[in-house]
Amino acid sequence: MIVLKGGTVVGSEHRIADVAVDAGRVVAIGSVDVGPHDQVIDCSGAWVGPGLVDLHVHLREPGQEWKEDIASGSKAAAAGGFTTVVAMPNTEPPIDSGQIARYVFDRGAETGLVRVIPSGAISLGRAGAKLAHLDDLWAAGVRMFTDDGDSVADSGLLRRAMDYIAELGGIVAQHAEDPGLAGRGHMHEGAVSSRLGMIGLPSMAETIIVERDIRLIELTGCRYHVQHVSARQTLDVIRRAKEAGLPVTAEVAPHHLEFTDRLVETMNPVAKMYPPLRTEADVAALRAGLEDGTIDCVATDHAPHSAHEKDVPFEEAPRGVIGLETAAAAVNTSVGLPAVTFFERMSIAPGRLLGLETGPLVVGSVADITVFDPNLSWTPGTFVSKSANSPWIGTEITGRVRATLLGGQVTFEHKEGASA
Amino acid sequence: MPEVINAEDLGRAIRRIAHEIAERNHGIENLVLLGIPRRGVPLANRIAMVLEEIEGTSPPVGALDISMHRDDISSRPTPKLHGSSVPVDVTGRTVVLVDDVLYTGRTIRAALDAVNAFGRPAAVQLAVLVDRGHRQFPIRADFVGKNLPTSGAEQVVVDVEEVDGSDSVRVEVSSQEVQG
Amino acid sequence: MSLLTIEGLPAAEITRLLDLADGFVEVLDRPVPKVPALQGRTIGMLFYEVSTRTRMSFERAAKALSADTMTFSPSGSSVSKGESLKDTALTVGSMGPDLFVVRHASTGAPWRVAEWTGLPVINAGDGAHQHPTQALLDCLTVRQHFGKVAGLRVAIVGDIRHSRVARSTAQAMATMGASVRFIAPRTLLPFDVDGWPVETTCDFDGAIDDLDVVYMLRIQQERGGGDVFPSIGEYVNRFGLTRRRADRLPEHTMVLHPGPMNRGVEIDPAVADGPRSLVTKQVANGVAVRMAVLLDQLSGSEKT
């Protein structure tokens, strides 16, 4: 038996208690007597809640294992308090068939540190022309479909995908970025891009796609998820769609809750990601949106790139930053959600979206558990991910994952003085 | 601050230097005076005026900027360029370099280098108002207003009216090692 | 340490560099236009973009100061073998240069070279961002002709959006007290000039009799400047410095261009070669300005 001792339990009621775990389940919450063979994890001062779920990670396997692989990405996820991650399909080859999806499932299960659920491509080869093997993917267990990295720009194709996926019961997730408006943009279009002489990627490129997609949801009734919302205008569109009762959800990435396009002034490609970092007004709107629930959840868009790939001029750099190991602390630092909302946005809502058995910790719950200390400060420097392209390097953040349990097994335990 | 040369003495020194230049060169034909900025330039002009009194005509006078020929550019703040103006081709002429103080000889070494950008002189001579000793190069002046033995801790301050508003030479104590 | 951008350089500092450059104009006019100031120093030149005048200007400046140069340009080099900018900078860096001069098509590349090598870097043009020595030579050219920069009415006309020259020169001239206007179709103006010390207009003809300096820019086809107006003919009609338009300029107004010029597009050949043109003066001043900047970078920086 494992006893999580003395934490604030985010359960049916919110109180300081011990949590006992045995045979993969929560067996007791309250005052638990510790036997001689029990493993005890001190949780005083920490929140003990359901394991974190990340709807958006790039594990790079198959195809780009020098950046990350399923094993290293799983370790990073566990270190970040995650118990479930959704792997994006932009691998090489892309996850556009059941076979590749099953490979990712299997590699995740082999590693055994986090539940790895692949998402499937919407279009074959993510080429935006023909439908991917949606039935196959569904049969393999895929529930979320996306061409992430690119928008599904062709309205006709997206309509067909929505019709099909609605019928299956899946979710269409969109990387919203109108290719014509985005052009060869490298950063948010605004005062900073103008000054730096870089081609801008306007907020509108995101908003217009979401606006259009909402029309298609009205038509098809398909469940629709907006990936990594970055612009305040997009948030308004999402809010209206939700008010109209449409099946729309949205995620936000931790970096969009913290940084602005001013970070690009450092010329360091660690500030390069799509959608790009936007303005202070956008950051403020996203924080408010996460608090009020317009944004359902946080997803990291963990996008590892090795040092030599980012050690180039900004405009030549690949896009994306890692986020798994810093996400919980970063969100806690920039938004400061209360414990219940924190776990709702980081675990319960995204879990619900995937149809997982997640919710507040109660006796009988699957023992996917994250112990998070909201007051412990640290400065990221090194990572268990294969890559270190993090904008938080050298920045103090508050909040630390003290332990992660997956199905009752400890997958990560923070040792004071150890890195990450 | 002991004044070692007053305005009157300074005038006399200039006058004597001019006479010596004329004497050594058997007149002023073929001479060109090049002052080293900043204070060498007005001194050269004054010598030229005296030469005109003596000889009835004055030699061409110019300025020779040596700041880009110094050997210590890497170890000092960015130098200011005072600008050279060499009114004639110096090739085949006798160039008289004029400076206020002769010290280590580094300035003159730089000047000998700098003058080459303007041609190949037949001869180069050196006139200084003050020679304070402490040479670091095999350089000596042909015409000296006053020999002034000093210690390294002292500084020789030359004021000339055109630059400083009055004429005088003083010796001051300074920790800074300066001047050429 | 490093000259990466003209942004934030105060007027006194610009003036100091211009004064120094003025001195070098005289040096370059000497029978032997060469001084030993930077003897024994080595300048590493990384030119990742095609450049004739800037590269030659820096080389000429370095040599006139007796510095040695090592010039790297991608064609026929390791770049075609896939070597990264970082590796090249570190490789050239270990051959012992005292300073880098960097030109690159990407914004910020010179910053990165400075970061990787720890050496001073002069930005010789990065993307559409900055070109500080161009800004200085433009100020020098204008100051020589008008005796001042302050109070002059300057129009920069053409592909502002993709121009590092516009960004740097406008900043430098505004810092020196000129009033600067950008004149271009909206698609060639920067998206947001909020906080810039410039005004913008799309009406060249309306501005024309109110100018002391007209600074013409070429269309930067390579950065996408060609796709944003209907045709060259229509562009020339509204924004070219045609002979007709040049005739309407006040008597004293002078014309600058950073080169290379597209004669017959942004500027009529007769204007480019005419009495108003300061273009060759700009090129000549480029050498003096780069001498000033090189000397300033390497003065007081004892070789280690």
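**Helix crossing and chain contacts in a predicted model**

In chain A, H1(A) crosses H2(A) in a right-handed manner, the near helix being turned clockwise from the far one by less than a right angle. This is a predicted model, in which local features need pLDDT of at least 70, side-chain atom pairs count only at pLDDT 80 or more, and totals for chains, interfaces and linings use all residues. Residues are numbered from 1 along each chain as its sequence is written, and chains are lettered from A in the order in which they are written.

**Helix pair in chain A**
- Helices H1 (residues 70-79) and H2 (residues 98-111) of chain A have axes that come within 9 Å and cross at roughly 55 degrees; helices are DSSP runs (H or I, at least four residues), and axes are lines fitted to C-alpha atoms over the stretch in contact, with angles from 0 to 180 degrees between N-to-C directions.
- H1(A) and H2(A) are therefore oblique to each other, the class left after angles under 35 degrees (roughly parallel), over 145 (roughly antiparallel) and 65 to 115 (roughly perpendicular).
- Ile70(A), Ala71(A) and Ser74(A) of H1(A) meet Val104(A), Arg107(A), Gly108(A) and Thr111(A) of H2(A); contact requires C-beta atoms, placed from the backbone, within 7 Å.

**Contacts between chains**
- Of the two pairs of chains that touch, A and C have the most contacts.
- Chain B places 17 residues in contact with 19 residues of chain C.
- No contact joins chains A and B, whose closest C-alpha atoms are 29 Å apart.

**Chain C**
- The C-alpha atoms of chain C fill a box of roughly 55 × 45 × 35 Å along the principal axes.

Technical notes
Helix = DSSP H or I, 4+ residues; strand = E, 2+ residues; numbered from the N terminus.
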